[in-house]
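Please keep the sequence and the structure in view while reading.

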Amino acid sequence: MANFFFVQIFDTLNCPIEAIHAAAIAIWRPLAEKGDPRALSNLGVMYENGRGVPADLAEAVRLYKLAAAQGYAPGQHNLGVMYANARGVAGDDATVQKPF
């Protein structure tokens with residue numbers, strides 16, 4: 001819900017999408033460094049898609065793993081999708097079938 005309002009505020013101000021990405025990273029990175037699972041997962045999405053940072057699938061997987069280890073469902077889902085699609089990881093059916 002907060003993400004919607006965040007984007008809505010920037011949209012109202014007619015900010016370019018790059019400014020939105022930079023602001024999101026500025027907010028999420030310090031939280032992720034403190035271990036916040038939502039911030040870890042959101043930052044992982046930014047790295048996965050190259051939004052505001054250079055695309056880095058290995059870093060996205062690392063962040064998703066940290067979020068998933070805390071039981072954060074979106075992080076678990078994103079990590080599972082990365083394994084299922086062999087993005088940033090080796091494709092391994094045994095690992096893909098492991099619950100995250």
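## How two helices pack

Axes are lines fitted to C-alpha atoms, for helices over the stretch in contact, and the angles between their N-to-C directions run from 0 to 180 degrees. Helices themselves are DSSP runs (H or I, at least four residues), numbered from the N terminus. This is a predicted model, in which local features need pLDDT of at least 70 and side-chain atom pairs count only at pLDDT 80 or more, while totals for chains, interfaces and linings use all residues. Residues are numbered from 1 along each chain as its sequence is written, and side-chain values use heavy atoms, with hydrogens and water left out.

The axes of H3 and H4 come within 8 Å and cross at roughly 165 degrees. That makes H3 roughly antiparallel to H4, a description used for angles over 145 degrees. Contact means heavy atoms within 4.5 Å, and the residues of H3 that meet H4 include Leu-40, Leu-43, Gly-44 and Tyr-47, while on the H4 side Ala-60, Leu-63 and Tyr-64 are among them.

## The nonpolar core

A nonpolar core is a set of buried Ala, Val, Leu, Ile, Met, Phe, Trp, Tyr and Cys residues joined through side-chain atoms within 4.5 Å, where buried means under 20% relative accessible area, exposed over 50% and partly exposed in between (1.4 Å probe, protein chains only). The largest such core has 20 residues, of which Leu-43, Met-46, Tyr-47 and Leu-79 touch the most other members. Helices H2 (17-33), H3 (37-49), H4 (57-69) and H5 (73-84) each supply at least two residues of this core, and H4 gives the most, with 6 residues.

Leaving aside residues up to four places away in sequence, Tyr-47 touches Arg-29, Val-53, Pro-54, Ala-55, Asp-56, Glu-59, Ala-60 and Leu-63.

## Two salt bridges

A salt bridge is a side-chain nitrogen of Lys or Arg within 4 Å of a carboxyl oxygen of Asp or Glu, and a search of the whole structure finds 2 of them. In one, the side chains of Arg-87 and Glu-48 meet at 2.7 Å, N to O. Arg-87 lies in the loop between H5 and helix H6 (93-97) and Glu-48 in helix H3, so this pair ties together parts that are 39 residues apart in sequence. Arg-87 is partly exposed, at 29% relative accessible area, whereas Glu-48 counts as buried at 15%.

The side chains of Glu-59 and Arg-62 also meet in a salt bridge, at 2.8 Å, N to O. These two residues are 3 apart in helix H4, and therefore separated by about one helical turn. Glu-59 is buried, with a relative accessible area of 18%, whereas Arg-62 is partly exposed at 42%.

Methods: Angles under 35 degrees count as roughly parallel, over 145 as roughly antiparallel, 65 to 115 as roughly perpendicular and the rest as oblique.
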